[in-house]
Amino acid sequence: MKMIQEFRAFAVRGNVIDLAVGVIIGGAFGKIVDSVVGDVFMPIVAWLIGGKLDFSNLFVVLGTVPENVPRTLDALKKAGVPLFAYGNFLTITLNFVILAFIIFQMVKIINRIKLQDEADAATEIPPVPEDIQLLREIRDSLKK
């Protein structure tokens, strides 16, 4: 019973819940980045290069291809032909670079906002405590 209580205390601790939320949001964000790369960025690169460009289908055959097997990535994988599929690696690497750049920009913006908030908080005049205010009123009354 004690172990269950310890686990419950661990599971509902703020850091664990924050981590779980971060993982879920990260998974969804990864799908967005995949879409940005596949649906926005890669067609622009293909257009600039002047041809049809699909990194995921770039590969080098390392074995012999049986007859009647098309030379496509899926067909060769199903046939068990050893392949060096570097195109998929290029796509995943590009996804990582874009994701890292976006996260870098987000952290940069958040840090700028934090620094601005800290600067604003440092320039604010803190409210005068009530006892000090009363002492000032007494002093001003005695001056009159």
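Predicted model: local features only at pLDDT ≥ 70, side-chain atom pairs only at ≥ 80, totals over all residues.
## Overall dimensions and architecture

The protein comprises five helices and two strands. Read from the N terminus, these elements follow the order α-α-β-α-β-α-α.

The radius of gyration of the protein is 30 Å, whereas a compact globule of 144 residues would have a value near 15 Å. The C-alpha trace spans about 110 × 60 × 20 Å along its principal axes. Of the 144 residues, 10% count as buried. Among contacts with a separation of 6 or more, 44% are made by residues 24 or more positions apart.

Which residues make the nonpolar surface patch? The patch is formed by I32, V36, V40, I44, W47 and L48, and its area is about 640 Å².

One of these contributors, V40, is placed in helix 2, which covers residues 14-49. V40 counts as partly exposed because its relative accessibility is 46%, a value between the 20% limit for buried residues and the 50% limit for exposed ones.

## Salt bridges

Two salt bridges are present in the structure. One joins E6 to K2, with the closest N and O atoms 4.0 Å apart. Both E6 and K2 belong to helix 1 (residues 2-11), where they are four residues apart, about one turn of the helix.

D140 forms a salt bridge with R139, and here the closest N and O atoms are 3.3 Å apart. D140 has a relative accessibility of 35% and so counts as partly exposed. R139 is also partly exposed, with a relative accessible area of 41%.

## Aromatic pair

A search of the whole structure returns one aromatic pair. The pair consists of F84 and Y86, whose ring centres are 5.9 Å apart and whose planes meet at 35°, so the arrangement is tilted. The angle matters to this assignment because planes under 30 degrees apart would count as stacked and those over 60 as edge-to-face.

Y86 counts as partly exposed at 30%.

## Backbone of N68

N68 has a positive phi of about 65° although it is not a glycine. In general, most residues other than glycine have a negative phi. N68 is found in the loop that runs between strand 1 (60-61) and helix 3. With a relative accessible area of 79%, N68 is exposed.

A75 lies in helix 3, which covers residues 73-78. A75 is buried because its relative accessible area is 18%, under the 20% limit for that class. Leaving aside neighbours within four places in sequence, A75 is in contact with V69 and P70. How far apart are the C-alpha atoms of A75 and A119? They are separated by 61 Å, the two residues being 44 residues apart along the chain.

N88 lies in helix 4, spanning residues 86-123. N88 is partly exposed, with a relative accessible area of 38%. When neighbours within four places in sequence are left aside, N88 is in contact with F55 and S56. R139 is the residue that forms a salt bridge with D140.

Terms used:
Residues numbered from 1 in each chain as written. Heavy atoms only, no water. Patch = residues over 30% accessible without salt bridge, like charges linked within 9 Å, V, L, I, M, F, W, Y side chains within 5 Å. Areas by Shrake-Rupley, 256 points an atom, 1.4 Å probe, with all protein chains shown as cover. Salt bridge = Lys/Arg side-chain N within 4 Å of Asp/Glu carboxyl O. Buried < 20%, exposed > 50% of the residue type's maximum accessible area, 1.4 Å probe, protein only. Phe/Tyr/Trp six-rings, centres within 6.5 Å; stacked < 30°, edge-to-face > 60°. Rg over C-alpha atoms; globule rule 2.2 N^0.38 Å. Contact = heavy atoms within 4.5 Å.
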